[in-house]
Amino acid sequence: MSISRRKFLKGVAAGSGLVLAAGVPSVEARMSKELPPEAVGLLYDATLCIGCKSCMVNCKTHNSVPGGALYKEGLVPSVADSLQCKFTEKKETMASPPYETEGVKGNDGIWDASQDLSGKTLSIIKAYRNGTAEKKDTAINGYAFVKQQCMHCITPACASVCPAGAFTKDPKNGVVYYEAYRCIGCRYCQIACPFNLPRYEWDALWPEVRKCQMCRHRIKEGKYSACAEFCPTGATIFGKVTDLREEAKKRFAMKPGTMYDFPIQTLDSKETNPQAVAAYADKVYGLTEAGGTQNIMLSGISFELLGLNKDIPNGALPDLTWAYIAKVPWVFLGVALGGTTLYAITHRKDKNGKEKGDIHD
Ligand code: SF4
Ligand code: SF4
Ligand code: SF4
């Protein structure tokens with residue numbers, strides 16, 4: 001038996017005592033199904049990535065300030081500031097640090113050692129390794145890097161299913177952002193996301209969603225994504241989505257070995273990194289997946305080997321996902337109530353087990 005979204009919200013609010021329906025903006029008001037003409041995004045070219053993780057550091061630093069996706073009132077203003085002192089000295093004043101300190105032994109809590117996307121990590125660089133791991137961007141006896149973060153879908157499934165109206169797609173630049181105060185921790189967006197990217201603060205009393213917001217607080221100031229700003233090789237660049245798509249298609253069509261001036265930081269940058277074009281595998285990822293995404297990727301090995309789901313349909317998913325989730329409303333309460341416990345269990349396993357986020361051969 002299926003139920004309508006409105007009936008579902010009423011039922012949940014009445015049955016659980018949670019007041020959700022009041023003031024929830026309609027799905028139509030929160031998202032479009034078209035790429036806005038001024039849409040911005042990122043092009044990640046894995047063949048240029050050296051795995052330095054500078055992008056991750058700058059992501060945390062610039063998202064831990066007011067307006068940033070990791071900021072919470074009462075926290076220290078930046079990760080850089082946090083790292084200059086011992087965690088033990090600051091913990092009295094910090095409800096929950098915006099960086100991860102667990103999982104690294106004997107460091108007294110001063111290292112950021114993110115192992116996967118989480119409520120404190122909006123983007124992550126992972127490594128593929130096979131055999132002797134001698135040659136970069138090679139499937140057999142090679143290695144490669146991949147950057148994970150929200151893809152900023154043209155038609156975002158997360159915004160479609162969120163019963164609290166926490167997600168919105170900016171009508172001008174297409175950035176998919178959330179208003180954390182609206183989040184009820186139900187995880188519907190995580191279930192709906194075809195790339196499994198939203199994360200939660202499961203160690204918080206009232207967990208909120210966290211994901212990349214394309215540094216929209218910086219875009220408002222005329223700046224661009226912090227990850228692209230710190231990338232030394234041009235592996236991650238920021239630009240208009242229409243231009244990034246053309247750039248990616250151009251690279252993909254070039255003969256391997258051709259010298260090319262890869263722009264650094266932004267697509268229109270005058271600073272470049274001259275390199276021979278690599279042999280690209282598969283396709284430009286993000287042109288059609290889930291109806292297309294504003295962040296797109298190129299790689300020297302297949303995206304499947306990099307851990308990306310090869311079965312994502314090419315059409316937009318939102319209508320399909322809401323139709324599915326509306327049939328199983330019990331998931332909502334189960335996840336909302338059990339999430340923190342679930343976090344504790346999985347977190348303990350992560351500490352003892354293999355690095356969960358790594359991609360191994
Ligand atoms: S990748 Fe997932 S979280 Fe990001 S916009 Fe698309 S559906 Fe939403
Ligand atoms: S766009 Fe901003 S929030 Fe998103 S991964 Fe890059 S630095 Fe982090
Ligand atoms: S994307 Fe750039 S900054 Fe990030 S790890 Fe790769 S080379 Fe370093």
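**Entry 1: terms and model**

I began with the rule that two strands pair if DSSP finds at least two bridges between them. I also noted that helices (H or I, at least four residues) and strands (E, at least two) are DSSP runs, numbered from the N terminus. The model is predicted, so to say: local features need pLDDT of at least 70, side-chain atom pairs count only at pLDDT 80 or more, and totals for chains, interfaces and linings use all residues. Residues are numbered from 1 along each chain as its sequence is written, while chains are lettered from A and ligands numbered from 1 in the order in which they are written.

**Entry 2: the whole protein**

I looked up the secondary structure and found 12 helices and 12 strands. For burial I used the count of other C-beta atoms within 10 Å of a residue's own, where 20 or more means buried, 12 or fewer means exposed, and anything in between means partly exposed, with C-beta atoms placed from the backbone. By that count, 41% of the 361 residues in the protein are buried. Two residues are in contact if their C-beta atoms, placed from the backbone, lie within 7 Å, and of the contacts between residues at least 6 apart in sequence, 62% join residues at least 24 apart.

**Entry 3: the sheet with E1**

I traced an open sheet of three strands in the order E9-E1-E12, with mixed pairing. Strand E9 (236-240) and strand E12 (296-298) each have a single partner strand, so one side of each is left without a neighbour in the sheet. Neighbouring strands here are turned by 25° against each other on average, direction ignored. Strand E1 (residues 40-45) runs parallel to E12 and is joined to E12 by three bridges, and Leu-43 stands opposite Ile-296 in E12. Helix H10 (residues 241-253) lies across E1, E9 and E12, at about 20° to E1; for this angle, axes are lines fitted to C-alpha atoms, for helices over the stretch in contact, and angles run from 0 to 180 degrees between N-to-C directions.

**Entry 4: the sheet with E4**

I then followed another open sheet of three strands, ordered E2-E4-E3 and also mixed in its pairing. Strand E2 (124-129) and strand E3 (135-136) stand at its edges, each with a single partner strand. E3 and E4 run parallel and are joined by two bridges, with Lys-135 opposite Gly-142 in E4.

**Entry 5: two positive phi values**

Most residues other than glycine have a negative phi. Asn-141, in the loop between E3 and E4, has a positive phi of about 55°, and is partly exposed, with 13 other C-beta atoms within 10 Å. Cys-215, in the loop between strand E8 (209-210) and helix H8 (216-219), has a positive phi near 55°, and is buried, with 27 other C-beta atoms within 10 Å.

**Entry 6: two ligand shells**

Which residues come nearest to ligand 2? I found Cys-59, Ser-123, Cys-212, Ser-225 and Cys-227, out of 13 around ligand 2, where near means that the C-beta atom, placed from the backbone, lies within 6 Å. H3 and helix H9 (226-230) each give two or more residues to this shell, which divides into eight nonpolar, five polar and no charged residues.

Around ligand 3 I found 15 residues, the closest being Cys-49, Cys-52, Cys-55, Cys-231 and Ala-235. Helix H3 (54-63) and strand E4 (142-148) each supply at least two residues, and the shell has nine nonpolar, four polar and two charged residues. For these classes, Ala, Val, Leu, Ile, Met, Phe, Trp, Tyr, Cys and Pro count as nonpolar, Asp, Glu, Lys and Arg as charged, and the others, Gly among them, as polar.
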